Amino acid sequence: CLETMMILSSDDIKKIQNLGFKKDFFVLQKEGWLMLKNHNGRCVFHDGLKCTIYSNRPLGCKLYPVIYDKDESCAVFDKDCPHSNCFDMSSSNIKKLYAIVRKLEYEKFKRK
């Protein structure tokens, strides 16, 4: 949740907006991607102790520390996560990751 670069899908954004948050509070557009904003080095939804929208967090956050390595075109553990050894790289999570990557790329393409 530190210096996050979490890309958001339209579903993620709608879910968070349904909690009462305005899109401009938590969404940053960067290079065509819609991303979670950071505030004071943390995700805007992290209060210093925990995620304040944990049960409604974006799918990418739920899958983390499994991330997509664009250079290698595969799922990997985020090397910057100090707890990645506590997680499992399940085939279910890999399938979810590939599905969300396809969705995010499609949504970015549609915004052009």
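What is the volume of the largest pocket? In this predicted model, that volume comes to about 1500 Å³.

**The pocket**

The largest pocket is lined by 43 residues, and those closest to its centre are Met5, Met6, Tyr64, Ile67 and Asp78. Several elements each give at least two residues to the lining: β2 (33-36), α3 (59-63), β5 (66-69), β6 (74-77) and α4 (91-111). The largest share belongs to α4, with five residues. If you sort the lining by class, you will find 29 nonpolar, four polar and 10 charged residues.

In soluble globular proteins, nonpolar side chains tend to be buried together. Here the largest nonpolar core has 12 residues, among them Met6, Leu8, Phe26, Val27, Cys43, Phe45 and Ile53. Both α1 and β2 supply at least two residues of this core. There is also a second, separate core of nine residues, including Met35, Leu63, Val66 and Leu97.

Valine 27, a member of the largest core, is worth a click in your viewer. Beyond residues up to four places away in sequence, valine 27 touches Leu8, Ile13, Leu34, Met35 and Lys37.

**Helix α1 and the segment before it**

Which residues of α1 (residues 10-17) are buried? They include Asp12, Ile13 and Ile16. These residues lie on the same side of α1, because they cover an arc of only 95° around the axis. An α-helix has 3.6 residues a turn, so residues three or four places apart point the same way. The cover over the buried residues of α1 includes α2 (23-26), β1 (27-30), β2 and α3.

The segment before α1 holds serine 9, isoleucine 7 and glutamate 3. Serine 9 has a relative accessible area of 1%, so it is buried. With neighbours within four places in sequence left aside, serine 9 is in contact with Ile100, Lys103, Leu104 and Glu107.

Isoleucine 7 counts as partly exposed, at 25% relative accessibility. Its partners, not counting residues up to four places away in sequence, are Asp12, Trp33, Leu34, Met35 and Leu104. Isoleucine 7 and tryptophan 33 are 26 residues apart along the chain, yet 6.5 Å separates their C-alpha atoms.

| Residue | Relative accessible area | State |
|---|---|---|
| Serine 9 | 1% | buried |
| Isoleucine 7 | 25% | partly exposed |
| Glutamate 3 | 55% | exposed |
| Glutamate 31 | 67% | exposed |

**Backbone details to look at**

Most residues other than glycine have a negative phi, and most peptide bonds are trans.

Glutamate 3 is not a glycine, but its phi is positive, near 45°. Glutamate 31, also not a glycine, has a positive phi of about 55°. You will find glutamate 31 in the loop between β1 and β2.

Where is proline 65 found? Proline 65 sits in the loop between α3 and β5. The peptide bond leading from tyrosine 64 to proline 65 is cis, with omega near 20°.

Notes
Residues are numbered from 1 along each chain as its sequence is written. This is a predicted model: local features need pLDDT of at least 70, side-chain atom pairs count only at pLDDT 80 or more; totals for chains, interfaces and linings use all residues. Side-chain values use heavy atoms; hydrogens and water are left out. On a 1 Å grid over the protein atoms alone, a cavity is a set of points where a 1.4 Å probe fits but cannot get out, and a pocket is an open set with protein on both sides within 12 Å along at least five of seven lines; lining residues have an atom within 4 Å of a point. Grid points are joined across faces, edges and corners, and a volume is the space filled by probe spheres set on the points. Helices (H or I, at least four residues) and strands (E, at least two) are DSSP runs, numbered from the N terminus. Ala, Val, Leu, Ile, Met, Phe, Trp, Tyr, Cys and Pro count as nonpolar, Asp, Glu, Lys and Arg as charged, and the others, Gly among them, as polar. Buried means under 20% relative accessible area, exposed over 50%, partly exposed in between (1.4 Å probe, protein chains only). The arc is that of the directions from the helix axis to the C-beta atoms. Contact means heavy atoms within 4.5 Å. A nonpolar core is a set of buried Ala, Val, Leu, Ile, Met, Phe, Trp, Tyr and Cys residues joined through side-chain atoms within 4.5 Å.
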